[in-house]
Structure formats: structure tokens, C-alpha cells
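Morning, everyone. Please have the sequence and the model open side by side.

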Amino acid sequence: MGNKRDATGTIKSLAKELGFDMVGVSAAERLNDASLRLSEWLSRGYQSTMEWMNRNVEKRIDPRSAMEGAQSVISLAKNYYVPIDHGMEHLKISRYAWGEDYHFVIGKMLEGLVAKLNERFQGNRFVYYCDTGPVMEKVWAQRSGIGWIGKNTNLINSRTGSWLFLSEVITDLECEGDLPETDHCGTCRACIDACPTEAIVEPYVLDSGRCISYLTIENKDHAIPAEYASRLDNWVFGCDICQDVCPWNAKFQTPTNEAAFHPREENLNLDCREAHLMTREEFSKRFRRSPVKRSRYDGFVRNIIAIRNSVNSSK
């Protein structure tokens, strides 16, 4: 037991040194309860057109399918909150996409962590993921004590809120696990009631096809359905509404210490007409190394058109 505890202590110390705000460890085992919830969610079609959600299901629910002999899952979190309000008269971009793409920032941190772990625990294997593989990040984060999955399906930490980038390291190193976090949403319905497209169909269940984040990013259709286009509320990439109204954020959200997540000034006051005239080359240059490029130029323009049409029809 001492060796397991020492291993966990070393891992947490190294992760904190590299800039991770939270670290937790849990045993690598099959997620039976999460498996049932995932199966039900998929059967209801709430993944919409994200067909990749139907693949590698066994790897999602059992890390030992992703790494033979896996013993532990190391969950990590990095706060990205910047205390600036969204401009009501401008196009709105989700906070997570204000600065540099988190895949680059967190990926570099993970590379550094794994390098140190390989040096410290020679003979053991470590594989990292940052929204790049079949890993149920929020489930593992809750099991490792980092936070709980709220009714809006985001992970919430009781000390800093929900503005968190999550990542994991799967390893065959046996570690002492942390206690899982319990749910602290209580009777609150703030996120459910605030969602303009009613995407949170019931507590803890999100219909992706109705979610503004999905509609403006993952959605590859040429047009946004009219019933939702009229409710975009100037969100051109992603949406923060269910996090903005969360009482845990209102009380505990803390500014990030990572400069790379601070906003690019030109993207905070994005004028709708100016953005609509943006060329493909200008889009690529303006959003270089930005998550916004995930929507691609055609998707970005589609979103602007939907917003402009909605504004014009309401006049």
C-alpha cells in the first residue's frame, strides 16, 4: 500500500509542477454504470451525426481495452476561465476558444508529464489523451475526485467551477486511488431552464442535436435548422450559457494562470457584418492555432448567415 501511495503522491507532485491545477487517480476498471448510460444515450440518438461516438465503445468503458494491463487512470484538469463578459452586441465565441487551441497547450503539458513519469517509473507504460481518444473524461474525473458531472453534463469542481480542460494518462502502474466526488447540484435547474434550445432534455442528459455548441461546431450540414437558428443568440462558435448561469461558477470561478488561454482581442468584439465579409484566407490567418478552426470556414459562414437571418426576421 505504501508503494501505491508513494506513486500517487509522486504523480500529483509532478503534474502540479507542470501546471495542472487538479490531479486525481482511480483504478482502471470497467465502467459498468457509465456503460449503461452511454448505451441508452446512443440508442436515443442523442449523438446526432457524431458517428464516431458509436465506435470503440468497449475502449470507452474499459481502459484495459485501450492498454493491456492498465492499472490506473490519472485524471488531470486545467482551469481556463478568463473574467471577461461576452459582448451582447457582437458575435460570441465560447470561452474555451478565446485563446490558443487547448490541444496544443495541454498536449505539451502531457508530453512533459509522461516524460517525467517514464523517467521516474522506468519499466511502466504511460499513454495520454486530451480529447483525442476513446476515453470518458468526465466519468474518470468524477471517479478520481476532481469534480462531479452536473445536470448540464459538464464537470463541476466545488472550488473553481466548471471552466476546465480535462485530460488523462492511462498506465500499468498500480496507484492508490482517490475517493470519487459526489453530486452537489441538488434541486438546481438553472442550466436546464436557461438553455435556449432545450438541449438538456432531462437532468444529466444532453440531446447533442439541439445543443448550440453542436449546431455551430460539430454539425456539418449546410444550414442550421430554422427552429434552432432563431435561438442562437449571436453564438457563432460554441455556447457558454449553461456554464454562465451555474451557481458554482458564479461563486467560485477563478481566473486561469495560463496566458495562452487569454482571449485574442480581435475575437472578443467580432462584428457580424465584418465577419461575414471575411475571406477563407483571412479566416485561416485570424484563427490560426485556435479551436475556432474546428468549425471550418464554411461552417463559420453558415453560422453567421443563420444569426443575420434571425436578426433580420425579428426586425
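Start with helix 2, residues 32-43. Helices here are DSSP runs of H or I, at least four residues, and strands are E runs of at least two, both numbered from the N terminus. Helix 2 has twelve residues and spans 17 Å from first C-alpha to last, close to the expected 16 Å. That expectation is 1.5 Å times one less than the number of residues.

A word on the source. This is a predicted model, where local features need pLDDT of at least 70, side-chain atom pairs count only at pLDDT 80 or more, and totals for chains, interfaces and linings use all residues. Residues are numbered from 1 along each chain as its sequence is written, and side-chain values use heavy atoms, with hydrogens and water left out.

Which residues of helix 2 are buried? Ala34, Ser35, Leu38, Trp41 and Leu42. Buried means under 20% relative accessible area, exposed over 50%, partly exposed in between, with a 1.4 Å probe and protein chains only. Down the axis of helix 2, the buried residues fall within an arc of 130°, so they line one face. The arc uses directions from the helix axis to the C-beta atoms.

What do they pack against? Helix 3 (57-61), helix 6 (137-143) and strand 9 (205-206). Contact means heavy atoms within 4.5 Å.

Now the face turned away from the buried side. There sit the exposed Asp33, Leu36, Arg37 and Ser43. Just after helix 2, Gly45 takes a positive phi of about 75°.

Zoom out. The protein chain has 14 helices and ten strands. Of its 315 residues, 51% count as buried.
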